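Colleague: I would like to learn how to read a model like this one. Please take me through it feature by feature.

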Amino acid sequence: MRCAIVAALALVSARAESQTGPADDLPRIRMTDPNRDLFKIALPRAEGDGAREATEIETRDLDVVGLFRILDPASFPPALLAEGLGFNSINWSQVGAQGVAKMRITGGTLEGRLYMVGRGDAAVITKTHKLDGGGARSAVHAWANDIVEFLTGNRGPFGSRIAYAQTGGAHEIAVVDMDGGRTAVVTRMNSDCMLPAFSPGGGEIAFTSFLRDNPDLWIVSAGGGRARRVSRKPGLNTGAAWAGGGIVLTLSFDGNSELYRIGTDGSLQSRLTSSPAIDVSPSISPDGQIAFVSNRQGSPQIFVMGSGGGARRVTFQGKYNQTPKWNPRPDKPLIAFAGRDERGAFDIFTVDARSGDVQRVTQGQGSNFDPSWSPDGRLLVYASSRGGLWVMNPETRHEVQITRAAASSPSWGPAPKK
Amino acid sequence: MGTATIASMPAVAVERHGKPRNGTGFLITLALHGAIVGGIFWKHTHREEAHEAPRDFVVAEMVKLGKPREKFWLPRLPTRAPDRAPPPTIKITDDPFASAAPAEAPRPEDPEVSKEVKKALNRARLMAAAAGDEEPEEGLPTGSPDGTATTAKAGDAWATAMVAAIRKHWSVPTELVNDAALEKLEAMVRVQIAEDGTITSSALVQPSGNALYDDACASAVKATPKVPPPPPNMVARAAKGVGLVCGGKDLGK
């Protein structure tokens, strides 16, 4: 009996204590309507060997992805730069940082630490990556992917590559890192090469070349080398899109442009469209639908065809819409395309394949062509009349130029292996 | 009364012509016409008695002045004219021997700064409007039921200034926290404030469920070294801590 009373008293006092706990008795003040901006990140200079190059690659990566406002290192007081891999959240909050990423390179290993100013002085992630023969580049890309994965839940596209057709002096197929580093020309055709398409595994690139005086389809290793001719039908063999084990492309050997599926050996597998109009520029969705351009209802517009055939029109605005590209994310039935607006400029747009809702991506910056999605579906690369290739995050509208040389029809390759 | 007179007039006319054929049908027609005419008459005479069903007020939105955009064209992104600084004012000196002041170098336009200035002016305007509500006996809608009118007003003025100081540093990252999610998020940070307004400690006491949103609230407080000093009657409570609620769907936009 006495025990029970004591226990009951203890229970009552415990409850009373919890009611005067931290959150319940506070006078509340409500703050609404926050500022909206990119995530403010500080990237203090790395420590160790090749620190300068590593910091440059990290800064470039996090700029291109369009999620971050990178704080100017000139505004960091010396005390902050002297703290090494350690961290003082109060000091960093004074320079306006929401996150701070630090790197140290020692003995062929990169150690990265990410701190969140709102979560105190302990690192939220600590990762190490081995450097390879190419220096710190791929290790820094991997670390930048760690940062994006922590913040978004999805791995970033850093380290992926983009194929494009040169349109300046030479007209070969070239490949560049998505941050604009390491450009490499992969063909030696000495003729007009166009419309490259990375294979799903990233090992090969299909493209069209006039080497044999006909727009034939060729395939070359993404690392460069001798190209092999795959499809040599009279007329067009253009606009290749890799689909499963084969390739969907435009052939015009019977006198009219139609979409066909062929094997990677060039064998004709099936005819996909049958219309007296022009059907070109196929792009394959994650679930196997095909978006393409057709003028079967007058002006060139984007159409979508299921695996069972039966095309339906998805763009009803604008008089000239071309080069559709499906977003690779299965949860986002978005198609990017280039459309000509009423002022005569081409710009990048997206259309929701289900609802038909059209959103504008670029505006007022020359003409922009040939969009292609990053493997994570967050970014678009496109060619611009301003010169070179540009990358934009359509959500935050943050745009970065990645190459300056004249280029067309970029094709974004797959995500790098982890 | 008026109804009966009007309804009977056609009937009289029919009798004068003397050719009633199918009595029942005709009478029904007559009755219908009478009812319609009578109804209209009644409606006109009793209009003022009709009242609207009680409902909430709806704020109307007026369409912008401009040309409608053809649905056929591809959409355009909204663009805004950049904010511009006001023209420089002319300084007048009383010294008749003063030499001409050196011409000021033209200041580069900084859209970020202009935005901040605009926001600050807007805030000042809102605060001035709030301060104009001088009803000391009645208090304000945001006042506490425990406080007297005057102390409640002082407390709210401090809270307003405190929130304004912290909000300057409150930035919720775009895309990482999307607009749809933002409306539903609410986090609470316990903020302890010394007598001189220094923030002595802060801690997240009620997470919103979105870690990046919580981080934005917590780092806004951390980035604010000092807020206006609390009024004398609030010093003890401020030192113990106040709950800064970030966001919330009731008042948030």
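Colleague: How many disulfides are there over all chains?

Modeller: Start with the rule: a disulfide is a pair of cysteine sulfur atoms within 2.5 Å. By that rule the count over all chains is zero. Take C217(B): the nearest cysteine sulfur belongs to C246(B) and lies 3.0 Å away, and C217(B) is in no disulfide.

Colleague: Is C217(B) buried or exposed?

Modeller: Buried means under 20% relative accessible area, exposed means over 50%, and partly exposed is in between, with a 1.4 Å probe and protein chains only. C217(B) has 0% relative accessibility, so C217(B) counts as buried. C193(A) is buried too, at 4%.

Colleague: What should I know about the source and the numbering?

Modeller: This is a predicted model, where local features need pLDDT of at least 70, side-chain atom pairs count only at pLDDT 80 or more, and totals for chains, interfaces and linings use all residues. Residues are numbered from 1 along each chain as its sequence is written, chains are lettered from A and ligands numbered from 1 in the order in which they are written, and side-chain values use heavy atoms, with hydrogens and water left out.

Colleague: What is the average pLDDT of chain B?

Modeller: pLDDT is the predictor's confidence in each residue, from 0 to 100. Chain B averages 73, and 57% of the residues score at least 70. Helices (H or I, at least four residues) and strands (E, at least two) are DSSP runs, numbered from the N terminus. In chain B, confidence is lowest in helix α1 (residues 2-17), with a mean of 45. Confidence there is highest in strand β2 (residues 186-193), at 93.

Colleague: Which stretches of chain B have pLDDT below 50?

Modeller: Residues 132-137 of chain B are one of them. Contact means heavy atoms within 4.5 Å. Beyond near neighbours in sequence, residues 132-137 have five contacts in the model. Residues 146-155 of chain B are also below 50, with ten such contacts. Where pLDDT is low, the predicted coordinates should not be read in detail.

Colleague: What ipTM does the predictor give the complex?

Modeller: The ipTM is 0.76, and the pTM is 0.71. Now look at the interface. Chain A puts 52 residues into the contact, and chain B puts in 56. Buried area is the accessible area (1.4 Å probe) that two parts lose on being put together, summed over both. Here it is about 5000 Å², with carbon and sulfur atoms giving 56%. I29(A), M31(A) and R36(A) supply 18% of the area that chain A buries against chain B, more than any other three residues.

Colleague: How many salt bridges cross the interface of chain A and chain B?

Modeller: Side chains of opposite charge can pair when their charged atoms come close. A salt bridge is a side-chain nitrogen of Lys or Arg within 4 Å of a carboxyl oxygen of Asp or Glu. The rule finds six across this interface. R30(A) and E186(B) form a salt bridge at 3.5 Å, N to O. Several elements of chain A each supply at least two residues to the side touching chain B, including β1 (28-31) and α5 (137-152).

Colleague: How many salt bridges are there over all chains?

Modeller: The count is 27. K40(A) and D37(A) meet at 3.8 Å, and both residues are buried. R113(A) pairs with E111(A) at 3.1 Å. R113(A) is partly exposed, at 25%. R137(A), R161(A), D177(A), D179(A) and R182(A) are linked in a salt-bridge network.

Colleague: What does the salt bridge of E204(A) and R228(A) tie together?

Modeller: The closest N and O atoms of this pair are 3.6 Å apart. E204(A) is in strand β13 (residues 204-209) of chain A and R228(A) is in strand β15 (residues 228-231), so the pair ties together parts 24 residues apart in sequence. E204(A) is partly exposed at 28%, and R228(A) is partly exposed at 38%.

Colleague: Where is D132(A)?

Modeller: D132(A) sits in the loop between β8 (125-130) and α5 of chain A. Its relative accessible area is 43%, so D132(A) is partly exposed.
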